[in-house]
Each structure stands twice: as structure tokens, then as C-alpha cells.
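Me: I would like to learn how to read a model of a complex. Could you take me through it feature by feature?

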Amino acid sequence: MGSRSFLSKLRDGDEIARLVTFLFAATVVLITLLLVFELWTNSVLPRHKFGWHFFVAQAWDPVMDEYGALPFMYGTVVSSALALLIAVPLGLGAAIFLAELAPARVSDSLQFFIDLLAAVPSVIYGLLGFFIIVPFVRSVLFPALNSSLGFLPLFKGPSYGVSYIAAGMVLAIMVIPYIISVSREVLLSVPRDQREAALALGSTRWESTWKVVVPFAKTGIMGSVFLALARALGETMAVTMVIGNTPKLAASLFAPGYSIAAVIANEFTEATGDLYLQALIELGLVLFLLTFILNGLARLLIIVTTQKGSKVAN
Amino acid sequence: MSARLRWRKFLSNFMLTMTGVCAFVSVIVLFLILGYLLFNGGKSVSWAFFTKLPVPVGETGGGMANAIVGSAKLLFGASLFGVPVGFFGGIYLAEFSGSKTAAVVRYAADLLNGVPSIVIGIFAYSMVVLPFKHFSTFAGAFALGLMMIPITLRSTEEFLNGVPRMLREGAMALGASKWKTITTVIVPAAYRGILTAVLLALARVAGEAAPLLFTAFGNRFWSPGWNQPTAALPEMIFRYATSPYEDWQRQAWAAGLVLLALILIINILARTILSRGIAVPRS
Amino acid sequence: MKRTALIAMAVLVFAGVVWAQSGLLINGAGASFPFPIYSKWFDVYHQKNGGIQFNYQSVGSGAGIKQVTEGTVDFGASDGPMNDEQLKAYQDKRGSAILHFPTVLGAAVPTYNVPGVTATLNFTPEALAGIFLGKITKWNDPAIAGANKGVNLPANDIVVVHRSDGSGTTYIWTDYLSKVNDEWKSKVNKATSVNWPVGLGGKGSEGVTGLVKQTPNAIGYVELIYAAQNNIPYGAVKNSSGKFVKADMASVSAAAAGAAKEMPDDFRVSITNSSGKDAYPISSFTWLLVPAKIQDGPKRDAIKGFLTWMLADGQTYAEQLSYAKLPKEVVEKEKKAIAKVQ
């Protein structure tokens, strides 16, 4: 085998296939690197001026040219975390229902419509969030949570409706289709014998689903969560309409906040002045870093739980 | 029946009911949104909407014909660019690569997916618009295509990996080369999941306005070819919905509805045309 | 069969979009504040001159300045004049100067939602500055109550709303506050985007209006045309002559009239807090940014033709869309300036 010449290996379709598909995969990495490179070189001014201070500074002053990323990082993380906290249980539950319990035709047609949700433009989610969710938060959710759990800093007032939690709720609605759609497909592709084996061993329907089928589909489900997380982190339009656009840190979920993607969307088109523009681009870079770290943490979580699982099996 | 068994049965019924509740809640929200869109948009959709160009504020009878065509072009171009890269890249990850390379590519794709759409727009602006000194449909398609890559890639890999080993080994045993196995056995087995993901990616970028602001730019008129600025539905929706004029706001809802219908049609067409008649067994 | 259908579809798509189109396409980008009237103008002009298409996109004043500096659009538009730094940047990048042409006048008005108050509230400069600085926190504060005798103002906390996106309206508002309040000038100053001491950010005018409408005790600022088109209550502001003036065509034009006499040659002037007893103090011009040197002959002629038309027939469309016309003196001066475009 090793003595075949390169040319003859090339004529072998497999080698070409390997090369060609490798080029495509490499393109993805290349594009990502290029993007990071662009962000890096176009944020040189604020990086030199502020250095690490950028991560902890809280002021955002285009007039005095003072820029800090902390309030935006905070808002991005909080709103995305809230979104996942709502969307993942709900979405996974719905996916399980659609894949395991619902009759095929119901499942397929519902899925069709759920997929359509992904096509609704962000602006429309923003409008719906603004006219429905924001008043709901202000007049229903806040009074309810504040009166019962108001001693917790998480639920303190005052509340105007536009808030981290409103953003989290809108984001949850936006990312649920991804979780349901992909998780359902993955669950459907788990081989039948896995379920049947579990049931044959005497497990209940739920046990076979939760303890056998779902773990089998774990990486696919995690993949859908990553998709959802990425969408939540980068969402601009819908968030800016419901989060209050206030670059200040606050402990309460009902306080107005800001996110990285929202401030870039709001200010980029009107920003003049190199430092200002580049500070916004540096925020884009920070978001990249956040995504990098969050993805890494999540992957670590998978590895740890998988290892634990295999240890138990042994 | 022992107490433990009764508990397990109860838990099973309870949890399964809960999943039903989850599905119910998700579907309710979905139908509320669709209903809202249908109600508000349906009122304003008219024949003029599909055939006329936009008119200035204060005048009635305008439409978004150029935006509809523009969106179709942009989606077409985006798919041409984004789907092959994601699809073949996914094949590489699932079939050819080692685990280290795979991890790197997957990470890169996840990062790309998390980039805010407006930053993708800025990137496309500096890559495609600035060097040529004008906005274009091509630049817009490039930006949207970039956004389609991560979903396509990850899902292709995921579903290819999910194909049972038996199928692969069976093909190999019959003497098929790796590539032939991939094209005739593995991809067809996984095509459903992949197609779902691609359509999901398409739906996602169809509704994005931010990456188009500095690439496709927008156009009041028809945009011939690929080299000029073009109008697009999400961009029009963004402008009209956030304007103070009631007529424009109504048109924005109509545009949202039309956009959804466009995606629906693409979904249906894609699923019927690309169905190879292979019944993928539902486990 | 299916494959041929696919191919047929692709062919149709391509054919349908590559048909030849005659006509000159001129791209412009900039301020969203005058977008309604610009879209009207360009449409009417296109009707009269079939072959010429002006494609204007309201991406924001800052973006307009940026894109015209980069050369990706043929002209720009801005609610605030370019500053010296930006002019120099343009000169360095494009090798020639850029000219400002005022087109119409607009204004920013204070809009509010105070429970129980239906009257038009009067605001002094001190009150507005104090509210937006976060110093005046209650509606029944003497600074507000003093100007509104007879109105029952509640002792509620004021909720301030401002624009979250950079905008010319913010520029006008902060320009005014900087002129009338030293603390504002040193702390916040004027720009399309500032570091607001207090308040919620609403995206776009509709975001601000929406928030003010939904939130009791709120106050915000929007463009006059926006308030007029949507029947939103707005207040009167005390001008430099001591009179409380509500914004409308007459008062905005009055603000410009004073400035017309001392209009600099490059037309870059701020008319907030201008003199004139009937002037509305938070008014502003909005400008088209046209390169002084345009290589492309047909484009140059088209732009010059449009400018000439805009100063004559164009002005007649202003009032029906709630913009104030340019004062006569400014129009005359501009007509002469068109010759500078070469």
C-alpha cells in the first residue's frame, strides 16, 4: 500500500474526496480566523488605550471617549443564561414528546410549523416582545415575584418592564425552535433496539426514554443547545427592543440592562471617530471571547459527565 | 405490585405528561405568534404588495416587489455559498478527519455561529464592499452564506455520525470505496436530518436584517444582476416597522407574513424535490 | 422529471433577475430624520426624470458620513454638520472637499406621560437639563411646577427615556442642553450618542415613543414630525427670549430666520436656542453632504439638477410632511453654492 505513487493514490476517488472535503472544512476555520484577525486589527486603538481595563470598566462615554465592556458582558451572559434556563427544559421536553409519544403525522406537521418560527424576523420578535412581554413583566410578573420573593436582590424593583428577564424571555422563544427541531431529529434517529432493550429489561417508558434514549442522543442535543446559545448571544434586534438599553450593572433581573450585540447594533451605524468605532469592534471581539469560553466550559461539562457515566457503568 | 414499582410507574406517567405540557406550551406560543402575524399581516397583503415598488410616505398603494425578488436572490446566493461549505466540511469531519482536527473545526464553527449578525455584516463589508467600493447583492449573499455555514456543518456531521455502523460495514463488505459508501449509503440515510438543518439555517438567515445593512444596502428600485444594492424583506420590515407611519407599519406586518410564506414554500419545495423516495425507517 | 424542474427553476431565477435596466443609479446614505421627505423628493424627481434613480437609505447620520467618506455612496446626509476632524478625514481620503447643503428644518420635542395630566406642559431649560441629568427626580419639583401653575403634578419619580441608537435627534437635543446648561456641557456634551446620566434607552423614535406611552411618569424626546404624525402630546419649551413656545412650522421657521442672516458660507450652523421671540429653541437644519468633485459626468449633472429642483419645487412638499421650509435667504445662498460642485 505504501509504495503506491501519489498520482495513483490521487486517481483513487477516496483520496480526492478526502482532499476536497478537507479544503471545505479548512475554509471554515480560515474564515473564522480571518474574522478574528479583522476584529483584532480593527480594535487596535482601544486595546492600546485601555488594555485589560476594558473588561472591568463600566463607563460607556462616546463624548469623552471612555469605553468599558463590563455592563455589556454582564447583560449578554445574564440574558442568554435566562434564555437557556427557560428554553432548554421546555424545548427538550417538547422534543421528547414529539419524538417518542406523538403520532408521526402530528409530530411531523407540528415540526413543520415550529421550523417556521425560525424564519420570523428578529424585528417582529422584538415588536411582539415590546408590546406583549414588556407590559407583562411590568404589570404581572414583577408584582408577583416582588411581593413574594422581593427580599432577594434578584427580584428587587423598580421595574419598567424592559429588563434582563424580558430579554431572556424573548430570547427563549427565539431559540426554542432550534432545540426542539434538532433534538427531535436526533431522538428520532436513535435505533429502535435501544428502546426495546430497555423496555424488555423492565424499565418504564419514561425510564427507557430518559435513561437510555436521551443519553444516546446526548451529543446531538448538546449541539442544539450550542446552536441556541450562539443565537441568544448574538441576537441584536429583539434584545435591544426589550432590554432597556441601559449600560449599568444591576443585580435585579427586573432592572434594565444592555448586551454587546445590542449596543453594536445601536451605535455602529452612527459611530464616527476611530476610537469609538474600534471600541465597538473590540466589543465584538469580547463577545467572541465569551462564546469561546462558554463553549469550552460546556464541552468540559459534557466530557466530565460522560466520563462519570462510563465510570458508573463499570 | 411493589411500592417502588408503583412510584416508577407514576413517575413515568407524570414525566411523560410533563413533556406533553412542554410541547403544548411551545406550540401555543408558536400559534400565538403566527396568529398575530397572520392577523396583522393578512390585513395588509394585497396584489399591489407583490407587484409594486415602494412608494414614499403618505402615498398608498406601494408594494415590496423588489424586496421579495431581492430576498429570493440573496437566499439563493447564500445557499450556493454556505451549503456546500457546510455540507462537505461536515462530511470531512464525520468521515475522514482525526478527532483533533475535528475538534478544531467544530469549535471554529461554533464560534462563527455566535458572532452577532451585525458583526458578520461588518466583516462582509470590509471583505467585499470596501475593496470594490460599492454595495451589492453579492456582498449580502456572502454575509448570509457565512451565517449558514455553522448550522449546516455541525448538523451534517452530527447526522452522518448517527448512521448505524451496520450500513457502513455492509457497503464496505460489498467492496465499495469510501467515497462511494458515503454518497450512496451514508448521506441518503442521514439526508433527512441534514435537510432539516439546512432549511433551518435558511430560515434563520431569511429573517436577518442587520448583516444586510452594509452589504446589500437596500434599494428603492429593481436591482438587476448581482452587483448592485438590493432591497430585501427583512431590511424593509426593519425600516417600516420602526417608522411612525401606520401605512408602512401595516406593510411591515404584511412583509413578515410574506417572508414566512416564502420560507414555507422553500421548505415544501425542498422536501418534495429532494426526496429520493427512500423511506428512512423511524426507529 | 424532478431534476428538470429544479433546473427550470434555477434558470427562471437567473433570467428573472438579470434583465437589463436602463437608468442611472445614484446611491446615498444618511440621516433617518429627513427620510420621509427625501423618499418623497427622490420619488417625484424620478417621475419627472425617468432615467435617474436616487436610491437613499436611512442608515443614520454617522453612517452617512462614513460611507460618503469611504466612497461607497455618491452622497451622504446628516442631521448634524460634519466637524472639522471629519472634514479633514474626507479631504485626506478622497482628495477633495465635501459640501453641505441644508434641505429642510426639523425639531426635537419633549414628550411625556404623566398620570392625570392632559394639558401641554411648559419646560424651562433648567427643568429639562435637570431632568435629563437626573437631578430633578419628581414631577412636582418646583422647577417644573413653577412653569405650570394650575396643573396638578403628582409627586411621582420621573422615568427618563432617551435614544439608545445614535441619532441626529439626540445630537439636536444634546446640542441644546449643552448651550443652556454648563453642567450638561461639561458632563455629557453633545453628540449623536452620549453617556446618559439616567434613563432607559429606546431604539429609534418609535422605541422612545413606545416606552413613554407604556410607562407612567415617563419623559422622552422625539422629532416633531414623528409627534405630529402620531398625535403624541408634547410640551412647550422656553426660548431665549423667555417665551414658552410649542414646536410647529411657524416656530421652527422662526428659529431658522435668525440664523439665515449670519449663515456661514459652508452652511454648517447650529440654530438651537436661537434668538427670535417666536423661535422654537430645539430646531435644526438637516444637510445633504455632496462631494465637491464628482468624476462621473452624468452623476454630477443629475445631483446638481436635483439640488436645484430641491431648492425650488422640492420645498413645496415640506410642510405637508411636517417639515419646515428653508428660509429664502438660505435658499438663495445655496443656489449659488451648487456651482461649487464640479
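## Reading the complex

Reply: Start with an interface. In this predicted model, chain B gives 79 residues to its contact with chain A, and chain A gives 76 residues.

Me: Which elements of chain B supply at least two residues each to the side that touches chain A?

Reply: They are α1 (3–42), α3 (65–96), α4 (99–114), α5 (117–132), α6 (137–161), α8 (178–206), α9 (233–241) and α10 (246–273) of chain B. The largest share, 19 residues, comes from α1(B).

Me: How do the residues on that side of chain B divide by class?

Reply: The side of chain B that touches chain A has 53 nonpolar, 18 polar and eight charged residues.

Me: How many residues do chain C and chain B give to their contact?

Reply: Chain C gives 29 residues and chain B gives 28 residues. On the side of chain C that touches chain B, the elements giving two or more residues are α1 (2–17), β1 (24–30), α2 (35–48), β2 (52–57), α9 (204–214) and α10 (224–229) of chain C. The largest share, five residues, is from α1(C). By class, this side of chain C holds 12 nonpolar, 12 polar and five charged residues.

Me: What does the predictor say about confidence in the complex?

Reply: Where pLDDT is low, predicted coordinates should not be read in detail. For this complex the predictor gives an ipTM of 0.81 and a pTM of 0.84. Chain C has a mean pLDDT of 87, and 94% of its residues reach 70 or more.

Me: Now the single chains. How many helices and strands are there in chain B?

Reply: Chain B has 10 helices and zero strands. Its elements run α-α-α-α-α-α-α-α-α-α from the N terminus on. The C-alpha trace of chain B spans about 70 × 55 × 35 Å along its principal axes. Of the 283 residues in chain B, 53% are buried. Take the contacts in chain B between residues at least 6 apart in sequence: 74% of them join residues at least 24 apart.

Me: What is the secondary structure of chain A?

Reply: Chain A has 14 helices and two strands. Its C-alpha trace spans about 65 × 60 × 40 Å along the principal axes. Buried residues make up 55% of the 314 residues in chain A. Among contacts in chain A with a separation of 6 or more, 76% are between residues 24 or more positions apart.

Me: How is a pair of packed helices described?

Reply: Two values do it: the angle between the axes and the distance between the axes. Here is a case. Helix α5 (residues 70–101) of chain A packs with helix α11 (residues 218–234) of chain A at an angle of about 145 degrees, and their axes are 9 Å apart. The crossing of α5(A) and α11(A) is right-handed.

Me: Which residues of α5(A) and α11(A) meet?

Reply: From α5(A) come Thr76(A), Ser80(A), Ala83(A), Leu84(A), Ala87(A), Val88(A) and Leu92(A). They meet Ile221(A), Val225(A), Ala228(A), Leu229(A), Ala232(A) and Leu233(A) of α11(A). This contact has 11 nonpolar, two polar and no charged residues. Look at the spacing with one rule in mind. An α-helix has 3.6 residues a turn, so residues three or four places apart point the same way.

Me: What span should helix α11 of chain C have?

Reply: Count 1.5 Å a residue. Helix α11 (residues 249–261) of chain C has 13 residues, so it should span 18 Å. Its end C-alpha atoms are 19 Å apart, which agrees.

Me: Which residues of α11(C) are buried?

Reply: They are Ser251(C), Val252(C), Ser253(C), Ala254(C), Ala255(C), Ala256(C) and Ala259(C). These buried residues pack against β4 (98–113), β10 (244–245) and β11 (283–291) of chain C.

Note on methods
Residues are numbered from 1 along each chain as its sequence is written. Chains are lettered from A and ligands numbered from 1 in the order in which they are written. This is a predicted model: local features need pLDDT of at least 70, side-chain atom pairs count only at pLDDT 80 or more; totals for chains, interfaces and linings use all residues. Two residues are in contact if their C-beta atoms, placed from the backbone, lie within 7 Å. Helices (H or I, at least four residues) and strands (E, at least two) are DSSP runs, numbered from the N terminus. Ala, Val, Leu, Ile, Met, Phe, Trp, Tyr, Cys and Pro count as nonpolar, Asp, Glu, Lys and Arg as charged, and the others, Gly among them, as polar. A residue is buried if 20 or more other C-beta atoms lie within 10 Å of its own, exposed if 12 or fewer, and partly exposed in between; C-beta atoms are placed from the backbone. Axes are lines fitted to C-alpha atoms, for helices over the stretch in contact, and angles run from 0 to 180 degrees between N-to-C directions. A crossing is left-handed if the near helix is turned anticlockwise from the far one by less than a right angle, and right-handed if clockwise. pLDDT is the predictor's confidence in each residue, from 0 to 100. The expected span of a helix is 1.5 Å times one less than its number of residues.
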